[in-house]
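Please look over the fold below before reading on. The briefing goes from the overall layout to single residues.

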Amino acid sequence: MAVRLRLKRTGKKKQPSYRVVAVDSRKPRDGRVLEVIGTYDPRQEPSAISIVNERAVHWLNHGAQPSETVSKLLTISGAWDEFRSPGSPQPADTATESAPEAPAPPPEPDLVLDTPEPSADVPPQDAEAQVSAEPAASEPKTSEPGEAQ
């Protein structure tokens with residue numbers, strides 16, 4: 001079963017408030033839930049957010065995927081930081097916390113040669129034949145006096 005942490009809409013028409021719930025991802029938005037872990041009221045100034053961080057971290061540790069909005073709410077409430085900090089640090093975090101790395105060597109430029117060089121596989125006499133087989137550089141043709149152009 002794929003568990004999602006998402007919002008369940010409650011409240012009257014045009015006066016929404018939401019519950020942050022753990023639910024099977026195949027269930028409808030306002031369907032049966034596994035657990036209510038908090039509430040969110042966007043109409044108050046500032047928005048009212050109350051989330052039970054221990055339960056949110058529990059569901060995250062068990063593989064629940066938060067929706068985009070719920071992940072923002074978890075970040076605000078601090079549950080996301082609790083989820084990330086107790087375990088082993090993430091690969092991105094280890095790079096920033098470890099000693100600075102040595103600078104990478106500069107990239108080697110790709111060389112493009114105008115004429116092919118003889119390869120090690122080709123015997124020397126064949127290498128000369130390869131080079132001479134290519135047309136000569138643009139040399140102007142000279143016509144002989146009796147030749148028509």
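Predicted model: local features only at pLDDT ≥ 70, side-chain atom pairs only at ≥ 80, totals over all residues.

The protein has 5 helices and 5 strands. From the N terminus, the elements run β-β-β-β-α-β-α-α-α-α. Of the 149 residues, 21% are buried.

**Overall numbers**

- The accessible surface of the protein is about 11,800 Å². Carbon and sulfur atoms account for 52% of this surface.
- Take the contacts between residues at least 6 apart in sequence: 34% of them join residues at least 24 apart.

**The sheet**

- The 5 strands make an open sheet, in the order β4-β3-β2-β1-β5. Its pairing is mixed.
- β4 (48-51) and β5 (65-66) stand at the edges. Each has a single partner strand, so one side of each lacks a neighbour in the sheet.
- β1 and β2 pair in the antiparallel sense, over 10 bridges. Across this pair, Arg 9 stands opposite Tyr 18 in β2.
- The two strands β1 and β2 form a hairpin, with 2 residues between them. Lys 14 sits in the turn and has a positive phi of about 60 degrees.
- β2 and β3 are also paired in the antiparallel sense, over 5 bridges. Here Arg 19 stands opposite Thr 39 in β3.
- β3 (residues 35-41) and β4 run antiparallel, joined by 4 bridges. Asp 41 stands opposite Ala 48 in β4.

**Helix α1**

- α1 (residues 53-61) lies across β1 (3-12), β2 (15-24), β3, β4 and β5. The helix runs at about 120 degrees to β3.
- Which residues of α1 are buried? They are Asn 53, Ala 56, Val 57, Trp 59 and Leu 60. These residues cover an arc of only 160 degrees around the axis, which puts them on the same side of α1.
- An α-helix has 3.6 residues a turn, so residues three or four places apart point the same way.
- Glu 54 and Asn 61 are exposed on the other side of α1.
- Gly 63 follows α1, and its phi is positive, near 95 degrees.

**Helix α2**

- α2 (residues 68-77) also lies across β1, β2, β3, β4 and β5. This helix runs at about 90 degrees to β1.
- Val 70, Leu 73 and Leu 74 are buried in α2. Viewed down the axis, the buried residues fall within an arc of 100 degrees, so they line one face of α2.
- On the other side of α2, the exposed residues are Glu 68, Lys 72 and Ile 76.
- After α2 comes Gly 78, with a positive phi near 100 degrees.

**Pro 42**

- Where is Pro 42 placed? Pro 42 lies in the loop between β3 and β4.
- Pro 42 counts as partly exposed because its relative accessibility is 29%, and the partly exposed class lies between the cut-offs of under 20% for buried and over 50% for exposed.
- Leaving aside residues up to four places away in sequence, Pro 42 touches Pro 16, Ser 17, Tyr 18 and Ser 47.
- Pro 42 and Ser 17 are 25 residues apart along the chain. Their C-alpha atoms are separated by 6.7 Å.
- One of the contacts of Pro 42, Tyr 18, is the residue in β2 that stands opposite Arg 9.

Terms used:
Residues numbered from 1 in each chain as written. Heavy atoms only, no water. Buried < 20%, exposed > 50% of the residue type's maximum accessible area, 1.4 Å probe, protein only. Arc of directions from axis to C-beta. Pairing = 2+ DSSP bridges. Contact = heavy atoms within 4.5 Å. Axes fitted to C-alpha atoms, helices over the stretch in contact; angles between N-to-C directions. Areas by Shrake-Rupley, 256 points an atom, 1.4 Å probe, with all protein chains shown as cover.
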